[in-house]
Amino acid sequence: MIRLEKRPQPSQLWTYLTPVLAVVVTMVLGGVLFAFMGKAPLEAIRTIFWDPIFGEFAFYYRPELLKKAAPLILIAIGLSFGFRAGIWNIGAEGQYIIGAICGAGVALAFYPTEARWLIFPLMIVAGILGGLIWALIPALLKVYFRTNEILVSLMLVYVAEVLIKAFSVGLMRNPEGMGFPGSRNLRQYPAAANLELIANTGIHWGVITAVFAVIVAQVFFARHQFGFNVRLAGQSPRAATFAGVDPSRLVIICMCISGGLAGLAGLYEVAGPSGQILGSFPAYYGFTAIIVAFLGRLNPIGILLAGLLLALTYIGGDAASSSMNLPAAAIQVFQGMLLFSLLSLDVLTNYRIRLKKAQVA
Amino acid sequence: MDINPILLLAAIMVASTPILLAAIGELVVERAGVLNLGVEGMMITGAVCGFIVAHSTGSATVGFIGAAVGGALVSTLFAVMVIFLMTNQVATGLALTLFGVGLAALMGQSYVAEGQIIVPKAPIPGLSEIPVLGPILFRHDLVVYLSVALVVLVWLFLTRSRAGLILRAIGENAEAAHALGHPVRLVRFLAVMFGGACAGLGGAYVSLVRVPQWIDNITAGAGWIALAIVVFASWRPGRLIIGAYLFGGVTALQLNIQATGLAIPVEYLSMSPYIATIIVLVALSAGRAPGSLGKPFHASS
């Protein structure tokens with residue numbers, strides 16, 4: 001008979017081991033899934049996880065890896081603050097979209113002025129503010145009306161999706177676009193473009209900001225009173241109140257951090273890799289970042305690694321869909337399985353498994 | 001073009017049915033003390049299962065059964081994790097939604113171009129002939145009647161049966177119920193599966209009746225709205241009906257306004273159900289949640 005015995009404290013060893021184990025388990029399960037679909041499992045796994053970094057076309061994929069990882073890491077770092085404190089911002093996707101709309105709005109308003117020193121910083125501010133305000137709605141409603149932030153932030157994702165579709169064919173449509181939906185391409189507007197800083201490396205301002213965010217978050221959690229308060233509120237809300245942490249303020253600050261960073265990620269994306277406001281702009285980053293945050297154990301360095309791994313599944317998934325005809329949705333299933341196995345394996349972190357003979361009562 | 005009030009009210013019944021089905025299932029789950037945020041994932045799994053089964057058998061009824069089975073199956077994944085591995089319910093529910101949406105897209109991709117399977121209307125003899133009320137209430141398909149019947153049955157179960165009392169006790173205080181010898185894990189497991197089956201039925205109603213074809217992301221947040229309605233209803237079946245029909249009303253009304261070609265842009269109308277959800281949550285979330293809601297249960301602690 002197998003019994004679970006609660007550990008007095010979560011196991012340090014398993015805390016670091018389970019994410020690795022979860023990746024391995026997911027690869028096995030993914031292989032089974034691919035085999036079910038009639039694809040060679042080992043080849044699929046190799047195409048997704050190995051070839052983009054070490055394969056023949058790695059020179060093309062490596063820069064892409066950084067471009068995809070940057071938004072995931074930025075958003076996940078922001079989410080980790082709230083998740084640690086038990087504040088569930090699930091609507092990062094919406095904040096990401098609104099950040100892109102606001103940032104691009106500034107750029108389009110100035111078009112075709114050539115004043116990068118003014119326009120690009122303004123876009124960054126607008127992107128942050130856009131995401132921040134979109135996240136502030138669920139935060140304020142939670143503080144003043146005790147509404148559930150999960151549901152409100154999620155509803156706002158759908159609203160944001162409708163907005164970006166509407167803007168891409170209305171307010172922001174390219175007047176020289178011959179009637180096609182979509183705004184002007186910001187990549188072709190030097191004052192606003194977020195291009196690669198060093199050619200063929202994939203490093204744009206978003207990548208640099210993401211690394212910076214990781215460092216700042218690490219310092220905050222390890223050294224700053226605020227990081228401690230966040231952890232305390234998550235582990236024991238009552239103790240936190242006694243220690244003088246104002247829960248309402250914490251909700252607002254955490255939501256603002258995650259919203260602002262998500263908005264920033266949206267801005268870098270719309271000015272860089274994506275280039276324009278378009279109905280197909282949302283790329284699910286806001287949701288995948290939730291997986292990144294958990295897989296990285298809400299720890300900044302962990303999030304950095306998890307972000308790179310999930311970016312790899314995006315790129316490898318693309319590669320597999322073109323070379324092996326693997327459907328794009330398979331990668332989404334794969335990402336879902338990753339979160340499932342991580343959460344399941346966490347039982348080893350929090351509980352001891354005891355093998356015991358069944359006793360007669 | 002004018003809006004015909006009778007047709008509008010009948011359309012509201014149809015628009016509300018998927019949300020009502022998913023919400024009544026989730027209500028039972030939450031009354032047992034489990035918060036399953038995976039309703040959207042279970043709904044869309046049901047939607048694709050229902051569509052595939054209906055198309056391969058040619059029968060809508062079998063399709064709905066397949067949808068309920070599919071929804072229940074995918075919910076067992078959540079149940080095992082949350083109940084036996086004591087995972088975080090919020091995170092696991094999210095994982096279920098992410099997984100379900102991907103799974104549905106994967107399963108449905110070869111059915112994108114398929115046509116419609118007719119779900120027959122079943123007017124109730126006699127009642128459907130009543131003027132005004134007849135066309136609004138009694139000329140629908142069987143699933144609409146089933147959804148309302150389910151709400152009544154759940155109400156009876158929760159308030160008038162011993163099993164319902166045990167389920168509520170487990171939801172209010174799992175430790176105390178366990179001490180009294182009630183099977184906490186078993187009851188919660190069954191509740192989650194019931195919720196999955198209901199969400200699956202609701203999803204199939206979207207893919208077989210409301211839309212009715214296969215498109216990616218077909219449920220478009222209906223599962224999340226169902227979760228909001230459970231909060232709005234303060235976990236009581238009676239208020240659940242009001243909530244679901246309110247949202248169905250907003251959805252049907254905005255579609256009708258779109259059809260009349262009024263000067264409001266289509267985009268702003270189509271975001272109205274989501275805005276309405278937020279407004280209602282703000283205005284009316286006054287109820288008290290079941291005491292053990294969302295807390296993992298481990299017998300030794």
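Me: Where is the kink in α1(B)?
Reply: At B:Thr17, shortly before the proline B:Pro18. The kink is about 40°. Bear in mind that this is a predicted model.

Me: What end-to-end distance does α1(B) have, and what should it span?
Reply: The end C-alpha atoms of this helix, residues 5–31 of chain B, are 36 Å apart. At 1.5 Å a residue, its 27 residues should span 39 Å, so the two values agree.

Me: Is α1(B) largely enclosed or largely open?
Reply: Largely enclosed by the rest of the structure, because 21 of its 27 residues are buried.

Me: And what follows α1(B)?
Reply: B:Gly33, with a positive phi near 90°.

Me: What are the confidence scores?
Reply: The model has ipTM 0.85 and pTM 0.89. For chain B, the mean pLDDT is 86. In that chain, 97% of residues reach 70 or more.

Me: Switching to the core. Which residues touch the most other members?
Reply: A:Ile73, A:Ile75, A:Val292, B:Ala23 and B:Ile229. They belong to the largest nonpolar core, which has 228 residues.

Me: Which helix gives the most to this core?
Reply: Helix α9 of chain B, residues 184–210, with 16 residues.

Me: What is A:Ile75 in contact with?
Reply: Leaving aside neighbours within four places in sequence, its contacts include A:Ala92, A:Tyr96, A:Leu261 and A:Ala262. A:Ala265, A:Tyr285, A:Gly286 and A:Ala289 are also among them.

Me: On to the contact between the chains. How many residues does it take from each?
Reply: 36 from chain A and 38 from chain B. On the side of chain A that touches chain B, the elements giving two or more residues are β1, α6, α7, α12 and α14 of chain A. Of these, α14(A) gives the most, with 11 residues.

Me: What about β1(A), buried or in the open?
Reply: Largely in the open, because the number buried among its five residues, 2–6, is zero.

Me: Which strand does β1(A) pair with?
Reply: β2(A), residues 351–355. The pairing is antiparallel, over five bridges. Within it, A:Arg3 stands opposite A:Arg354.

Me: Last topic, B:Ile65. Where is it?
Reply: In helix α3 of chain B, residues 60–84.

Me: Why does B:Ile65 count as buried?
Reply: Because B:Ile65 has 20 C-beta neighbours inside 10 Å, and the cut-off for buried is 20 or more.

Me: How far is B:Ile65 from B:Leu137?
Reply: 24 Å in space, C-alpha to C-alpha. In sequence, B:Ile65 and B:Leu137 are 72 residues apart.

Terms used. Residues are numbered from 1 along each chain as its sequence is written. Chains are lettered from A and ligands numbered from 1 in the order in which they are written. This is a predicted model: local features need pLDDT of at least 70, side-chain atom pairs count only at pLDDT 80 or more; totals for chains, interfaces and linings use all residues. A nonpolar core is a set of buried Ala, Val, Leu, Ile, Met, Phe, Trp, Tyr and Cys residues joined through C-beta atoms within 7 Å. A residue is buried if 20 or more other C-beta atoms lie within 10 Å of its own, exposed if 12 or fewer, and partly exposed in between; C-beta atoms are placed from the backbone. Helices (H or I, at least four residues) and strands (E, at least two) are DSSP runs, numbered from the N terminus. Two residues are in contact if their C-beta atoms, placed from the backbone, lie within 7 Å. Two strands pair if DSSP finds at least two bridges between them. The expected span of a helix is 1.5 Å times one less than its number of residues. The bend at a residue is the angle between axes fitted to the seven residues ending there and the seven starting there. pLDDT is the predictor's confidence in each residue, from 0 to 100.
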